[in-house]
Amino acid sequence: MIQFRNLALARGARRLIDNLTLQIHPGWRVGVVGANGTGKSSLFALLRGELHQDMGDLDIPTGWSIAHVAQETPALTTSALEYVLDGDAELRRVQRDLLAAETAHDGHLIGELHTRLQEIDGYSANARASTLLHGLGFGDADFARPVSDFSGGWRMRLNLAQALMCRSDLLLLDEPTNHLDLDAVVWLERWLAAYRGTLLLISHDRDFLDACVTHIAFLEAQKLTLYTGDYDSFEDQHAAQLAQQQSLFEKQQREVAHLKKYIDRFRAQATKARQAQSRIKALDRMERITAAHVDTPFDFVFPEPDRAPDPMVTLKDVQLGYGDKIIINKLKLELRPGARIGLLGPNGAGKSTLIKLLAGELAAQSGSTLFGKGVVFGYFAQHQLEQLRPNESPLQHLVRQEPLTREQDLRDYLGGFDFRGGMVDTPVGPFSGGEKSRLALALLIRHKPNLLLLDEPTNHLDLEMRHALTLALSEYEGSMVLVSHDRALLRTVCDEFLLVADGVAQPFDGDIEDYLVWLDERRNREAAANVGDDKLARIAAREADKQDRQARLQRRRPLVKEFEQLERKLAGWQGEKKLLDERLSDPALYASGDNALVQTLLKRQGELAQSIDVGEERWLEIQTELEEIGEL
């Protein structure tokens, strides 16, 4: 097990963890949660041996293999498949040793290495690596592409696949879903639920945590507290603890009353039965979990937008793509005021491409695109974080945007996004991804958009900020198009869904659970379509194996026969020579005076010695050949 005893951890002068005494048993899958900056990633660095505790002890079983996702990926010429295989260090070591043994014709070592290769499932390594790549969204054509061909987000997926390829005892994953689409997230959570080692997982995706973990470790105020159960169970326990504090309890009641009012209003307006019922369930669930977030540092709402045109956006027979590659064809869409649309679809189907069209960042290849007069866009995507000015503070960004607004009002507004004290005046360059995302959202909201276009807005955001954003979006009066792998967010804020798949975008009559069923059915269809090819491949492999076996059998049979005959001959020669040696060592033989007999016996002794030498040399040659052929 992993044991922490009276452990303290600091970064510089800042104490992150104090007096930690905790045990994590083998096979536990622990979700590590807490606000950004509390020390979760530093705890992982400690477990990897990259940091050392300031006080106390940390014991990890000797010999444990620890896997984690590398944060950097050099522009390698190695193929994607070979890069993932590199994650299994012992497999690569055995393969190198086997090549060296074959070069040296060391039959005994070759046999041992093949045995070890079988023990570590080395013969199925390529199939395992292919499964990981497919699950994380790579196609067959990507397997042979060099790592340097992939963008940063896709290289992070390769790093994740490499970590999963490692046959680890301890797996450390720090926000692994940040660069994944929903279908890859669902695949990963199923893979992790079946993982046999010990898992420590930092994530801000509540559904993902619920599907993966057996325990929650909550890091707050330098204390790491362990809870048994999934994230939902943790929230219930945490809310009960917070409710004991009267001031927080009163705030909780105000939040719940406000949320109930919104739920009642939504029930009265609901028109689409299935999506409406799904949304009501999500909002009812949010009412229950609000109590666990009453001490959140975030407090903001979207200002009421200006009147919107009707329709806001009209797309007719639009074709989207890049160069000769068509992504979506014959797209028809009419966005009306109040629309709250979630975009669903497998990786690479065109969800982000459609968002870019609506935001005006991408022109249609053909068809008609019409924007209503008075549409005010609020577009959020990860690449926009790069447009923040690194030398300017959050306050300077907001002053540039609103030079006539009172500075105190701007400071108060930024405080709702937890930019307080000196942080509001600190240049944003060194900010974390979550802090930059919060600032980008704060700047976007101040524009009073009547159409929000959000592409993965929760990436890098911690659970508290996600909850605050979900509440704010639930009460937002404008229209919205959302791409997200956060199922809790999609369930709560979307009234309808658009399925983007196979070159088309069309309404999806269902909720998130229905979409997950659709994904499974799609995977099953694809697997069934590949059955023919797989069957032919298996038949070809079996035939090749049969031919190889027959060839080795034909080579082995005469060797075995010769080996057995040679052993019998050697036994006879050695027995006869032993008797001759004893007779020739008897003084009575020489006293008899029969020189002719002595010469005959000496000659036979020499012949037997030569036959034995030649026979033993041949015996060794046959033994080596049989080891190279192997067992059949």
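Predicted model: local features only at pLDDT ≥ 70, side-chain atom pairs only at ≥ 80, totals over all residues.
Colleague: Fine. How many helices and strands are there in the protein?
Modeller: The protein has 21 helices and 18 strands. Both are DSSP runs numbered from the N terminus, helices being H or I with at least four residues and strands E with at least two.

Colleague: And what share of the residues counts as buried?
Modeller: Of 632 residues, 47% count as buried. Buried means under 20% relative accessible area, exposed over 50% and partly exposed in between, with a 1.4 Å probe and protein chains only.

Colleague: What about contacts between residues 24 or more positions apart?
Modeller: Such pairs make up 71% of the contacts with a separation of 6 or more. A contact means heavy atoms within 4.5 Å.

Colleague: On to helix pairs. At what angle do H3 and H4 pack?
Modeller: Helix H3 (residues 89-103) packs on helix H4 (residues 107-119) at about 160°, with the axes 9 Å apart. The axes are lines fitted to C-alpha atoms, for helices over the stretch in contact, and angles run from 0 to 180 degrees between N-to-C directions. H3 and H4 are therefore roughly antiparallel. Angles under 35 degrees count as roughly parallel, over 145 as roughly antiparallel, 65 to 115 as roughly perpendicular and the rest as oblique.

Colleague: Left-handed or right-handed crossing?
Modeller: H3 and H4 cross in a left-handed way. A crossing is left-handed if the near helix is turned anticlockwise from the far one by less than a right angle, and right-handed if clockwise.

Colleague: Which residues in H3 and H4 meet?
Modeller: On the H3 side they include Leu-91, Val-94 and Leu-98, and on the H4 side Ile-110, Leu-113 and Leu-117. By class, this contact has eight nonpolar, one polar and four charged residues. Here Ala, Val, Leu, Ile, Met, Phe, Trp, Tyr, Cys and Pro count as nonpolar, Asp, Glu, Lys and Arg as charged, and the others, Gly among them, as polar.

Colleague: How do H13 and H14 pack?
Modeller: Helix H13 (residues 394-401) and helix H14 (residues 407-415) have axes 10 Å apart at an angle of about 125°. That pair is therefore oblique, and the crossing of H13 and H14 is right-handed. Among the residues that meet are Pro-394 and Leu-398 in H13, and Leu-410 and Tyr-413 in H14.

Colleague: And H6 with H7, how do their axes cross?
Modeller: The axes of helix H6 (residues 152-165) and helix H7 (residues 182-193) come within 13 Å and cross at roughly 15°. That makes H6 roughly parallel to H7. The contact has seven nonpolar, no polar and one charged residues.

Colleague: Now the largest nonpolar core. Which of its residues touch the most other members?
Modeller: Leu-158 and Leu-192 do, out of 54 residues in that core. H6 gives the largest share of this core, seven residues. A nonpolar core is a set of buried Ala, Val, Leu, Ile, Met, Phe, Trp, Tyr and Cys residues joined through side-chain atoms within 4.5 Å.

Colleague: What does Leu-158 touch?
Modeller: Not counting residues up to four places away in sequence, Leu-158 touches Ala-80, Tyr-83, Val-84, Leu-133, Phe-138, Val-147 and Phe-150. Apart from that core lies another, of 50 residues, including Val-186 and Phe-302.

Colleague: Switching to H1, why is it described as largely enclosed?
Modeller: Seven of the eight residues of helix H1 (residues 40-47) are buried, so the rest of the structure largely encloses this helix. Lys-40 and Phe-44 are among the buried ones. Gly-49 follows H1 and has a positive phi, near 85°.

Colleague: Last one: where does Ala-442 sit?
Modeller: Ala-442 is in helix H15 (residues 433-445) and is buried, with a relative accessible area of 0%. Leaving aside neighbours within four places in sequence, Ala-442 is in contact with Tyr-413, Leu-414 and Phe-417. The C-alpha atoms of Ala-442 and Phe-300 are separated by 9.0 Å, though these residues are 142 apart along the chain.

Conventions:
Residues numbered from 1 in each chain as written. Heavy atoms only, no water.
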